[in-house]
Amino acid sequence: MIYRSFRCFALLLALLTAVIYTAACSPKDNGKAVFQEAAEKGYIINDSTDRGVMMNVDQLTEYYSKDEHIGALVLGEVTSVRYYYGWTGIAGSVAIAEIEIKDVYEGANSADLKKGDIVRAISFYGPVVCSNGKYDQRRELDIIGEMLGRKIESPWDFQEMEHFVIEIVPVEGCEYRMSTNNPEIVPFEEGKEYVYFLPKAYPDTKLLGTLYSVYAACPMDGTLEELSAKHGLYYYKDYIELAEDMAALFKAGQQAMNTAEPQETDGAEGCETPLYFDSEEQFLSFMSELRSGDPKRKLTVSSRQEEYDRVYSASNDYFFLSGLGEVYAPGTELPGTHLGYISTSNDYVCCVYFNEAEEKAAYLMWHRALPAEYAYPEGVERTEYNGVEYAIEEYGPIEEEAYPGGYVISWVRDNKSFRAEFLVGFTVDDMLAFCEYRSVPIK
């Protein structure tokens, strides 16, 4: 075994504690603990099982929405794992992984992590030296002493030493096994994706830099039960429920990308998975419930446009919908068309219309995020209609896409930006009457 030696300027374990443990209860007699009875009945257990109840997703969301609590719920791929042995008042080994962030749950992201970020997380397990399958402390101490340049007779010798951290690199001919005193760890495996809740460890060390601890984790390609069977780990019910709920948030997003038929974004960028509604009534009912219901409620949205139900969290409100007091619909419907769906995101609310052949024939979009001064395209002549200026652009057919061409109309009204698009076949008066929207209040 090769160890790389470093000096640590802070207590490592003070950095890394992520779970708060509480004392277990023992039998009582008239309000006093009967200790001998407790021992006789077997109330002597590993102290790592004396644990507080895990927070659920809603509690994590609320707790880590505050600036003083730094952490994030993320989907990440483990790109590398390294192991360290340290003496910081307590001796032990840990695993530190580099994790590339693939997605972030914005409802719990006070750490302000983003897709593509690389973070380093620590977990309390690591390799120990073995001989014939059993822990060989003598050999391990000899190797540590050789790297530190001193003889170590027993772990008590650490009491006289400065704190240190050394990296463990396996050596040919040395036998190892992984060891932990926490039965709920989820081992890091390079190349695999996991959902993690990562509180930021504090304070940072000059040796290891910024570290996150792991409050809970769940593999994306398996279950905690499978890890338990493989490694002999044990996960309590509340841990499993939290981990599976965390994973479900990201699996729903992956299902959206993997199973839903591709939909045009109708010119709106920055939102790959908008919410879809099949009617104005469904949309208004959802909005009313979102604005007046329990702030921690989760609302289910079903639509013909998607092959699965979507769940929208009122506490997260990722698209900032609860603040909308009104939306906008076409002033008149186009001849031979009907409403196909309403889609919405943080950028827009869009009413999409289909013709009798069930082809997308037109839409009207309110650009929530586009400032009015940028609504009109440059160099396009404007036409006035009932006191409002409209910029009308005509474009020809796209043969390779079998698209017959049509019109794009942009305008500003009441200091709000709008856009509409039409297939060929409608008159200018029909299109402008469609654009002359009506306000729909949200109660």
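This is a short tour of a predicted model, stop by stop. Residues are numbered from 1 along each chain as its sequence is written. In this predicted model local features need pLDDT of at least 70 and side-chain atom pairs count only at pLDDT 80 or more, while totals for chains, interfaces and linings use all residues; side-chain values use heavy atoms, without hydrogens and water.

**Sheet.** Select β8, β7 and β10: they form an open sheet of three strands in that order, with antiparallel pairing (strands are DSSP E runs of at least two residues, helices H or I runs of at least four, numbered from the N terminus; two strands pair if DSSP finds at least two bridges between them). The edge strands are β8 (134-135) and β10 (175-179). Strand β7 (residues 126-131) meets β10 over five bridges. Zoom to C130, which stands opposite E175 in β10.

**Helix α4.** Next select D142 and R138, whose side chains form a salt bridge at 2.8 Å, N to O (a side-chain nitrogen of Lys or Arg within 4 Å of a carboxyl oxygen of Asp or Glu). The two are four residues apart in α4 (residues 137-148), so about one helical turn separates them. K151 counts as exposed at 54% relative accessibility, whereas D142 is partly exposed at 34% (buried is under 20% relative accessible area, exposed over 50%, partly exposed in between, with a 1.4 Å probe and protein chains only).

**Another pair.** Go to K192 and E189, joined by a salt bridge with closest N and O atoms 3.7 Å apart. The structure holds 15 salt bridges.
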